[in-house]
Amino acid sequence: ALVSRENFEQLRSFLKKRVEEFKDEIQSGKADANPYRYKKENACEYCKFKPVCSFAGLGGKEERKLCDLEAGEVWGKIGQSNKDK
């Protein structure tokens, strides 16, 4: 197995919570650009809305910086997020 049953259930719960959060944001009209940067790659490189978005031109806005995490750190963050319900 790639993950334990416990980790799978944690991931499932985490994703269910995130989908609900996204749904609530969309229904409330929130549609902010929130791209990431990971090393030399950023989401804007692949975005089909890049020509009209102008994220880079919005003063004061920064990309979310992603970093490498060990598997234990990922599962710890997922577990903590599930406790914060």
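The dialogue below treats salt bridges and then a pocket.

Reply: This is a predicted model, in which local features need pLDDT of at least 70 and side-chain atom pairs count only at pLDDT 80 or more, while totals for chains, interfaces and linings use all residues. Residues are numbered from 1 along each chain as its sequence is written, and side-chain values use heavy atoms, with hydrogens and water left out.

Me: How many salt bridges does a search of the whole structure find?

Reply: Side chains of opposite charge can pair when their charged atoms come close. A salt bridge here is a side-chain nitrogen of Lys or Arg within 4 Å of a carboxyl oxygen of Asp or Glu. The search finds seven.

Me: With which residue does Glu63 form a salt bridge?

Reply: Glu63 pairs with Arg37, the closest N and O atoms being 2.8 Å apart. Glu63 lies in the loop between helix H2 (50-53) and strand E3 (64-66), and Arg37 in strand E1 (residues 36-38), so the pair ties together parts that are 26 residues apart in sequence. Helices (H or I, at least four residues) and strands (E, at least two) are DSSP runs, numbered from the N terminus.

Me: Which residues line the largest pocket?

Reply: Rolling a probe the size of a water molecule over the atoms shows where empty space is left. A pocket is an open set of points on a 1 Å grid over the protein atoms alone, where a 1.4 Å probe fits, with protein on both sides within 12 Å along at least five of seven lines; lining residues have an atom within 4 Å of a point. The lining consists of Arg18, Phe22, Glu25, Ile26, Lys30, Ala31, Asp32, Ala33, Asn34, Lys61 and Arg64. H1 supplies the largest share, four residues.
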